[in-house]
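I opened this notebook to record what I looked up on helix packing and on pockets. The entries follow the order of my reading.

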Amino acid sequence: MPGGDASGPRVGGEAPRPAALPLFAELMSTSVVVLALCLPVLTAPAALAAGVTHLRRHLEGRSDTVREMLADFRRQLRGSWLAAAGALLLAFVLVLNLDIARFTALPGAEMIRVVSIAGLVAVVLVLLRTVELRGLDPHGTWRSAVTDGARLAAGDPVGSVLLLTAVGLCVTIVWMYALLVILVPGLLTFAVVGVASRRGRPEL
């Protein structure tokens, strides 16, 4: 992660396209750092948001050191654990509903299963769009970012489909070879940055 000039070009959609190999190397190193920061589980949203900010800076040719990413992570931590705990609790309830629908003969079990799967998809999507907003603008609160993320998930269906496709790709990669889980944080943060760039977000 070479340190660049903090006053260097900020490009958004105008930046020269980075070479593929250095970008892949940056993606890998970012993935490793973000994965380590995700290990306490409740820190995962903050770690992913810091990864998004870091990759965005790299693509814009600005300073992108590990120290700056860790500083971003510390700034993102405030309030992020509540969003993480809420998402985990909701996901747990939905998975429990899936088990109940699968192993019992309750009336309407099929409907419960469909609603639970849709709910899980919505939780993942809103969380990723919240990470996107926090990665682009770390100055707001997580509570407002969650609200805006839910609104963005519905208002940008193409971007939401792209993010869900990225999640599906990551699940497939890990299913094929579990050790490739090390790539997942980098792929997800890169997908979030790509979707944000696609819809023309203002510069950081």
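Entry 1, the model. I note at the outset that this is a predicted model.

I looked up how helix α2 (residues 44-59) lies against helix α3 (residues 66-77): their axes come within 8 Å and cross at roughly 140°. I therefore record α2 as oblique to α3, since angles count as roughly antiparallel over 145 degrees. The crossing of α2 past α3 is right-handed.

Entry 3, contact residues. On the α2 side I listed Ala-46, Ala-47, Ala-49, Ala-50, Gly-51, Thr-53, His-54 and Arg-57; they meet Glu-68, Met-69, Asp-72, Phe-73, Gln-76 and Leu-77 of α3. Sorted by class, this contact holds seven nonpolar, four polar and three charged residues.

I read a volume of about 640 Å³ for the largest pocket. It is lined by 23 residues, and Ala-44, Leu-48, Val-124, Leu-127 and Leu-188 are the closest to its centre. Which helix gives the largest share of this lining? I found that α5 does, with five residues. At least two lining residues each come from α1 (20-38), α2, α4 (80-103), α5 (109-136), α7 (157-176) and α8 (184-198).

Helices α3, α4, α5 and α6 (142-155) each supply at least two residues of the lining. I classed this lining as ten nonpolar, six polar and five charged residues.

Notes:
Residues numbered from 1 in each chain as written. Predicted model: local features only at pLDDT ≥ 70, side-chain atom pairs only at ≥ 80, totals over all residues. Heavy atoms only, no water. Axes fitted to C-alpha atoms, helices over the stretch in contact; angles between N-to-C directions. Helix = DSSP H or I, 4+ residues; strand = E, 2+ residues; numbered from the N terminus. Parallel < 35°, antiparallel > 145°, perpendicular 65-115°, else oblique. Left-handed = near helix turned anticlockwise from the far one by under 90°. Contact = heavy atoms within 4.5 Å. Nonpolar A, V, L, I, M, F, W, Y, C, P; charged D, E, K, R; others polar. 1 Å grid on protein atoms, 1.4 Å probe; cavity = no way out; pocket = protein on both sides within 12 Å on 5 of 7 lines; lining within 4 Å. Points joined across faces, edges and corners; volume = space filled by probe spheres on them.
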